[in-house]
Amino acid sequence: MIQVVVSQLRARALFTTLFRAGLQAVDPYEAVCRQVRFRRGQLTIGSERYPLSQHQRLVVVGAGKASGRMAQALERQLGARIDTGLVVVKYGHGAPTKKIRILEAGHPVPDEAGLQASRAMMALIGTLKSDDLLIVLLSGGASSLLPSPAPGVTLKAKQLTTKLLLRSGATIHEMNAVRKHLSCVKGGQLAAATSARVASVILSDVIGNDLGTIGSGPTAPDPTTFRDAWRILERYEVARKVPASVRRRLEAGMKKTLPETPKAGAVLFRRVDNLLIGDNQAAVDAVVKAAKGKRLQTLVLSTTVTGEARELAKFFGAIAREIATHGRPLARPCCVIAGGEPTVTIRGQGKGGRAQEFALAAALEIAGLSDVWVAGFATDGTDGPTSVAGAVVDGETTARARRAKLDPPGALQGNDAYPFFKKLRSHIVTGPTGTNVNDLYLLLAL
């Protein structure tokens, strides 16, 4: 179910069609079923083959917002061939399974449930031998859902560090570089914890599909270092705010008194395969196809959007005004599309997420324009720490807000988009979608 509240019926129907197309293209269940096949005793994952006669046990572990649906699909494809398994998902993202146990934990800030789940997972992995096969299911959110603090670092210390980075505007690449060096699982360390053959099946929520960043790369080489992690804390002015235990660990790593995370070329990665089964580009491509099917002219700006969400909104606003005034770069009816993961530097005490902040900023940019709508949409169905997927605005949004005695610039300044759109009934609501491939940003002009 996709609920988009837009007064104009055609625009509402178009947004619903476009978002549904994007989600269907990256449905993790269907993606796993396409890539994982079992026939005549041979398991094939992508182009890699695993004769199960050569493996004693087949165990499944995983984490991420989409990993529950991935686990369901794997059970459909492999059934009784699975020995056991354990997957960790965000609260509310669970799915019924038979052989693979699914646990729920906190995201984006890790919690005690995630810590206990991580310990159970590593204990299970520790039972595997060199003639076993370990399938790892990974999707966005795995970093927070698998907190396994390194010696000397507590869960509380990781929670505070995560909160500081979330509020700072750090990118997911930067956040994960830090988290990998405070963990016993991330940065290739899960793969290093077993002698089994490892096959990782991955749904990407990371721009550029860097395997070392998706879920903090528990089965991939880590190109970052302790020094990189420290520099990130300094760059965002949180190095002196993080707990002393975090500083001590990073300082010890920089002095080379602690081992680095596994790097490319390490022998252990000869027995590890990483397969990508879906990403933001697949979602954007599906939106483009659906838009063309509705006879809309289309333009893709990028599938690698980063930077501040409100700055992206200014760019969308400029394009909207150009379309409305000059009919370029596209003539109506048209759809401009972007995908990626912008950030929000939190300066206020409000509640929201990057998709909602983008929409609120866009409302100010397109105020007064007729038959123009802009939407920000988180593909996992939960934008930031909220239960909505995003919001949609038009040229009348700011006027309606002021009639409702709301202050759009003030809400933006306070990072308070969620209550703003809740009062205007302008949220996009899907519930947990079962997938996670960053965000979609759309401009519709009819």
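Buried means under 20% relative accessible area, exposed over 50%, and partly exposed in between (1.4 Å probe, protein chains only). The model is predicted: local features need pLDDT of at least 70, side-chain atom pairs count only at pLDDT 80 or more, and totals for chains, interfaces and linings use all residues. Numbering starts from 1 along each chain as its sequence is written, and side-chain values use heavy atoms, leaving out hydrogens and water.

**Salt bridges**

The whole structure holds 14 salt bridges (a side-chain nitrogen of Lys or Arg within 4 Å of a carboxyl oxygen of Asp or Glu).

| Pair | N–O distance |
|---|---|
| R235 and E174 | 2.8 Å |
| R197 and D273 | 2.8 Å |
| K314 and E311 | 3.5 Å |

R235 and E174 link distant parts of the chain, helix α9 (residues 226-235) and helix α7 (residues 172-180), 61 residues apart. Helices (H or I, at least four residues) and strands (E, at least two) are DSSP runs, numbered from the N terminus. E174 is buried at 14% relative accessibility; R235 is partly exposed at 49%.

R197 sits in strand β9 (residues 197-203) and D273 in strand β10 (residues 272-278), so this bridge ties parts 76 residues apart in sequence. D273 is buried at 17%.

K314 and E311 are 3 residues apart in helix α12 (residues 309-326), about one helical turn.

**Nonpolar core**

The largest nonpolar core has 62 residues; F15, F19, L43 and I135 touch the most other members. Such a core is a set of buried Ala, Val, Leu, Ile, Met, Phe, Trp, Tyr and Cys residues joined through side-chain atoms within 4.5 Å. Helix α1 (residues 9-25) gives the most, 7 residues.
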